[in-house]
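Dear colleague,

Please find below the sequence and the structure that I am handing over to you. My findings follow directly after them.

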Amino acid sequence: MHCETGHRGALPTLRYLQTYGVWPGMARNVREYLAECLKCAANRCGPPHTRFKVTETPNQPFRRVGVDLIGPLPLSALGHHYQHRYVLTAVCHLMGWAEAVPISDKQAATVWDAME
Ligand SMILES: [Zn+2]
C-alpha cells in the first residue's frame, strides 16, 4: 500500500489506506511502518533523527584524534604501481589538523602501520 503512494510520507499513505478502511491506532501504525521503510530512509531529507552528541574539547593537540577510512576508491592512472584503494584520515579534535594517508587495504595491520 505504501509503495502505491510513491513513498510520499505518513499523511498521503494514511489517506490512501483510509479509502479501504479505518482502525484504531491507524495513524500511529502508519508512522511506525514508514519509520521502518528502507526506501524512505534512503531518500529522507532534513536532519538525522539522532541528536549530535556534545563531546569535551581536548586540552592538548592530538590528545583526541578522529580516524576514518575512505574507500574502496578506483585506482588512479598510476595506481597499478601502488594499489592504494583506501585513504586513512585523521583529524585532531583540538586544532582541526588533518592528515590523509593512502593505503592498500583496510586490514588492521595496514591501518596500524599507516598510523605510526
Ligand atoms: Zn517508503
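**The sheet and its surroundings**

Three strands form an open sheet in the order E1-E2-E3, with antiparallel pairing. E1 and E3 are the edge strands, as each of them pairs on one side only. On average, and with direction ignored, neighbouring strands of this sheet are turned by 15° against each other. Please bear in mind throughout that this is a predicted model.

E2 and E3 form a hairpin with 5 residues between the strands. Gly 96 in this hairpin takes a positive phi near 80°.

**The overall arrangement**

The protein has 5 helices and 3 strands. Along the sequence, these elements follow the pattern α-α-α-β-α-β-β-α. Of the 116 residues in the protein, 5% are buried. Among the contacts with a separation of 6 or more, 32% are between residues 24 or more positions apart.

Val 111 is located in helix H5 (residues 108–115). With neighbours within four places in sequence left aside, Val 111 is in contact with Leu 88, Ile 103 and Lys 106. Val 111 and Leu 69 are 42 residues apart in sequence, and their C-alpha atoms are 9.0 Å apart in space. Is Val 111 partly exposed or buried? Val 111 counts as partly exposed, because it has 16 C-beta neighbours inside 10 Å, whereas a buried residue would need 20 or more.

Met 115 also lies in helix H5. Met 115 and Val 101 are separated by 14 residues in sequence and by 8.6 Å in space, C-alpha to C-alpha. Met 115 is partly exposed, since 13 other C-beta atoms lie within 10 Å.

**The pair of helices H1 and H2**

The axes of H1 and helix H2 (residues 26–35) come within 10 Å and cross at roughly 125°. The two helices are therefore oblique to each other. H1 passes H2 in a right-handed crossing. On the side of H1, the contact is made by Ala 10, Thr 13, Leu 14 and Leu 17, and on the side of H2 by Met 26, Ala 27, Val 30, Arg 31 and Leu 34. Sorted by class, this contact of H1 with H2 has 7 nonpolar, 1 polar and 1 charged residues.

**Points of the backbone to inspect**

The peptide bond from Gly 71 to Pro 72 is cis, with omega near 5°. Pro 72 lies in the loop between strand E1 (65–70) and helix H4 (79–82).

His 7 has a phi near 55°, which is a positive value in a residue other than glycine. This residue is found in the segment before helix H1 (10–18). His 7 is partly exposed, with 18 other C-beta atoms within 10 Å.

Phe 62 likewise has a positive phi, near 65°, and is a residue other than glycine. Phe 62 is placed in the loop between helix H3 (38–43) and E1. Why does Phe 62 count as exposed? Phe 62 has 12 other C-beta atoms within 10 Å, and a residue is exposed if that number is 12 or fewer.

With kind regards

Definitions and conventions
Residues numbered from 1 in each chain as written. Predicted model: local features only at pLDDT ≥ 70, side-chain atom pairs only at ≥ 80, totals over all residues. Helix = DSSP H or I, 4+ residues; strand = E, 2+ residues; numbered from the N terminus. Contact = placed C-beta atoms within 7 Å. Pairing = 2+ DSSP bridges. Axes fitted to C-alpha atoms, helices over the stretch in contact; angles between N-to-C directions. Parallel < 35°, antiparallel > 145°, perpendicular 65-115°, else oblique. Left-handed = near helix turned anticlockwise from the far one by under 90°. Nonpolar A, V, L, I, M, F, W, Y, C, P; charged D, E, K, R; others polar.
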